[in-house]
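We will take it one stop at a time.

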Amino acid sequence: TTWKQYCAEVSDSELCEDDVAVRAPITPEEEESMFAEGLYIGHFRQLPEQNCTLHPTTCYGHFADYPCTWATFFRQQAHWNNISMKSTGSSGGIQGYSSTQLHQMWAAANATKSPLMMLWWTPDTFYQEYFGTEAELTGVRLPPPSQECLDARLDYPDRCESDENNHIGNSAGCDYSTQSLKKGLSRALQEKWGRDSDLPSELWSPAYEAAQNYELTEFQMGTIMKNRDNLDTGDPGMDFRLATCQWVVDNFDLFQSFVPTTYPRVVQELKIGDDNLFNTALAMALFAVFAVVDCMVLTAANRRNKAIYHIKPEFLFLILMGMLFISGAAIANSAPPSNESCTAIPWFYNIGYCMLILPLVFRVYAILRVLNRGKQMKRVKVGKRRLLWSMVGAIVLVIIYNLTWTLVDTPDVFEKYELSGSANEQGETVVEVSYYCGSDSPLWVGLSITVQVCMLCLGTIWAFMTMRVGKGGFIDSLQLTLLILFVSSLVRLAVFLFRDSFDAVDTMGVNSLIS
């Protein structure tokens, strides 16, 4: 009974001043009120049509239902379960009550100790307000839901039809199905927290995964809502915020369990100077430089020596210059990378291997050509100038290739992050960052090494085809040299192909050591 109805239809006082109401309602809101603290405690009465003595076949009990625009199926449930109850409100279309009126009706029932049956949901602050009291909301079980029953329920606006016969529908008397608590994460949050960016996964924020792990039970949400009722800052939003923050403080261990393992993390730089592999590679590269320079001096001093004269000092100097270039690349590989060194290393390697490999391959080719011509009893002339111009042409091609590489995809310093599996004294998981030289596309390095391997493979085959010339002489040493270079290049190719299986710093160290 509304405050206005009570004063007009029930109260014996003209001014509506009695044990139920202090005064008559003043505003339209008060007129529709079912309860007003300190002014109107509410009133429950039996209407004539609800008297089963007078109307034994049509009487009904009262039920406080949602507005029909809400998700209410009470009329179908009451009909198909033969429950003689009806809602007589006037809010939201057909015989429903507003949420404010439903709150007030329960407060009135509690104040007057009157029975009341109404529709509500959990978790909610209203449910928590009376939880654990004598006015606690107690659920009424209906037949369990089935898919057939759920499919038979009426949707809005069918359940708001004025004709009551249209509210019945098919057999849909089952209870409400359980609605699981859900959380939603927008794609914008995923992008903001690094999942769709170029940021390495080791540096991703744990926030997105923690949000995915985050879950609360209905009871836990109810506890937060109950804590909110104990606050009164005058701002409902602030009340919820304070209640939630306090609950998090009280249940901090639970929230820590949402944080993914290996967090928090700290980034530590992996220094090259502390690596024995790099120190060994640097020492060997420096030794190689001194050895090559010494050989160049000795070759120049003994250039008229018979052995050196027949081998041709020019080719020896080309080979030694190639070794010097490769040693320089090995030294650069053994030092902390920089933009300048990363650009220079491919030039040193490619030009160096070109000057090292091609003189040996050309010389083997010339020897093989002499052997074949001699077998045919033909005279053959091997021009030194022609071989040297062939070398110059090959070096020019290598320079053009490296210039294109530098202009199109300039080698630069890249970072690689890896979880170390260890933690520091503060319990933070260490993420090791190492720096290495590379380009956006690995095809440049792959093509360079492949060409070198192919040249060495061809040269090694030709060298072993010349074994008939004799044993223990220059040909034996040439075969051995080409074979060693071929094997080392195969190792470089294998390191390149399986580079993702190694640490970036170790890959540079191995390349420096092989060189």
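Select Cys16 first: you will find it in the loop between α1 (3–10) and α2 (28–31). This is a predicted model, so everything on the tour is read from predicted coordinates. Is Cys16 buried or exposed? Its relative accessibility is 1%, so Cys16 counts as buried. Show its surroundings and, leaving aside residues up to four places away in sequence, you will see Cys16 touching Tyr6, Cys7, Ser11, Ala21, Val22, Arg23 and Ala24.

Next, select residues 99–112, which make up helix α4. With 14 residues at 1.5 Å a residue, α4 should span 20 Å, and this agrees with its end C-alpha atoms, which are 20 Å apart. Colour its buried residues: Gln101, Leu102, Gln104, Met105, Trp106, Ala107, Ala108 and Ala109. Among the elements covering them are β1 (61–62) and α5 (125–130). Just past the helix, look at Lys113, where phi is positive, at about 55°.

Now for the aromatic rings, which give 20 pairs in the model. Pick Tyr66 and Trp120: their ring centres are 6.4 Å apart and their planes stand at 75°, so this pair is edge-to-face. Tyr66 sits in the loop between β1 and α3 (74–80) and Trp120 in the loop between α4 and α5, so the pair ties together parts 54 residues apart in sequence. Both Tyr66 and Trp120 are buried.

For another geometry, go to Trp405 and Trp444: with centres 5.9 Å apart and planes at 10°, the pair is stacked. Trp405 belongs to helix α16 (residues 384–408) and Trp444 to helix α17 (residues 443–465), so the pair ties together parts 39 residues apart in sequence. Trp405 counts as buried at 4% relative accessibility, and Trp444 does at 18%.

Two charges over rings are worth a click. The charged end of Lys86 sits over the ring of Tyr60, 4.6 Å from its centre, and that of Arg153 sits over the ring of Tyr176, 5.1 Å from its centre.

Finish with the open sheet, whose three strands come in the order β3-β5-β4 with mixed pairing. At its edges are β3 (265–269) and β4 (412–423), each pairing on one side only. Zoom in on β3 and β5 (residues 429–438), which run parallel and are joined by five bridges. One to display is Arg265 with its bridge partner Thr429 in β5.

Notes
Residues numbered from 1 in each chain as written. Predicted model: local features only at pLDDT ≥ 70, side-chain atom pairs only at ≥ 80, totals over all residues. Heavy atoms only, no water. Helix = DSSP H or I, 4+ residues; strand = E, 2+ residues; numbered from the N terminus. Expected span 1.5 Å × (residues − 1). Buried < 20%, exposed > 50% of the residue type's maximum accessible area, 1.4 Å probe, protein only. Contact = heavy atoms within 4.5 Å. Pairing = 2+ DSSP bridges. Phe/Tyr/Trp six-rings, centres within 6.5 Å; stacked < 30°, edge-to-face > 60°. Lys NZ or Arg CZ within 6 Å of the ring centre and 35° of its normal.
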